[in-house]
Amino acid sequence: MKKWSALLAVVLTASLALSACGSKTEAPKDGAGNAGANKPAAAKTVRLGIFKNVTHAPGYVALEQGLFKKYWGENVKIEVTPFDNGSDFSTALATDQIDLGFVGPGPSTNQFLKSKNFRVISGSNNGGAVLVAGKDSGINGVKDLVGKTVAIPTKGSTNEISLRLLLKQNNLNVTTDKSGVQLIARAPADTLVAMRQKEIDATLIPEPWATQMEQEGIGKVIVPWDQIPPNNGNYPLTILVASDKFLKDNRELAKGAIQANADAIDFIKKNPDKAYELINNQLKALSGKGMDVALIKAAISHLNLTTDVSKEAIEEMARVSIEAGYIKDVKKEELDLSKFLDLSLLNEVKQGK
């Protein structure tokens, strides 16, 4: 009897073992292909920064069209933070308040040389800033700016750097008295009000503000967008940047952001009329106020949307920042921005990898 009991135990043990082998299930895998603990991968949040400005149109369209979701997956939550200027954006990126986003090269270069913890990963828009003078300011050319007050969005901004280059080309100096050109920092919306009230004489400002001033009849374009230095408007005004930490931990997500930006640029070029509405939707969401579609259309016509990035143009603007005192402890001849740009993922996207 004991022999039969022992034999039965062996048979049952073998049967259970075979049953376990036949019904084995694999633990679910996350987006990177790693086995989890039999549960879905935890949702991830990506913190995206962007300006409340039409020059960031590709980012707007990418959000409206769900292009980030397309390449990041439904398990990624997008947290969008709007900014009014590049200084605040760059500080937020350097201090891990956001992961990536769209900004101008002026303030981001200044911050990179301090913190060295984020990179340019793609272009988004080249040009789109215009020099506008008040209708009754008596300014008809750049040389007429002597003794005048000119507004820029913020100190150290890409627009200020372009203005300084423009003044240098015309042998004019930035001063604090009437012997040269006086600069004053004003947010674009405040600059519009200041122009209406004739508190400033001129401004170098991104679109659509210049077009709005012209349409209202309070300002006139003195230097169009395709004559603004460097490179006659073909300089990076909006670039896509990402923190080193994000690039290290989420390289595929960064690549997806580059692809979303590229797809959005392509969409705007192929479907401009539809794109204007999408851009306006995001303006409403980010700023609480929409814009006349005709104004958006006029502004977009002054932009050169592209993923290309000119390192030479960024370096030229950085040298102006050094001269202006915004970049300290770096000599112009020692400037090295080779590590500021990481275009390896952009090249993969362009090659279809």
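1. The lining of the largest pocket divides by class into 17 nonpolar, 14 polar and four charged residues. Here Ala, Val, Leu, Ile, Met, Phe, Trp, Tyr, Cys and Pro count as nonpolar, Asp, Glu, Lys and Arg as charged, and the others, Gly among them, as polar. A pocket is an open set of points on a 1 Å grid over the protein atoms alone, where a 1.4 Å probe fits, with protein on both sides within 12 Å along at least five of seven lines; lining residues have an atom within 4 Å of a point.

2. This is a predicted model, in which local features need pLDDT of at least 70 and side-chain atom pairs count only at pLDDT 80 or more, while totals for chains, interfaces and linings use all residues. Residues are numbered from 1 along each chain as its sequence is written, and side-chain values use heavy atoms, with hydrogens and water left out.

3. The volume of the largest pocket is about 690 Å³, taken as the space filled by probe spheres set on the points, which are joined across faces, edges and corners. Of its 35 lining residues, Lys 52, Asn 53, Pro 188, Ala 189 and Trp 209 are the closest to the centre. Helix H7 gives the largest share of the lining, four residues. Among the elements that each supply at least two are H7 (188-196), helix H8 (209-216) and strand E10 (236-243).

4. The chain has 14 helices and 11 strands, which are DSSP runs (helices H or I, at least four residues; strands E, at least two) numbered from the N terminus. Of its 353 residues, 51% count as buried, where buried means under 20% relative accessible area, exposed over 50%, and partly exposed in between (1.4 Å probe, protein chains only).

5. Six aromatic pairs are counted. Rings of Phe, Tyr and Trp (its six-membered ring) pair if their centres lie within 6.5 Å; planes under 30 degrees apart count as stacked, over 60 as edge-to-face and the rest as tilted. Phe 83 and Phe 89 are edge-to-face because their planes stand at 70°, with ring centres 5.4 Å apart. Both of these residues, Phe 83 and Phe 89, are buried. Ring pairs also join Phe 51 to Phe 83 and Phe 89 in a cluster.

6. Glu 74 sits in the loop between helix H3 (67-72) and strand E2 (76-83). Its relative accessibility is 69%, so Glu 74 counts as exposed. Glu 74 lies 8.7 Å from Ala 43, C-alpha to C-alpha, though the two are 31 residues apart in sequence.
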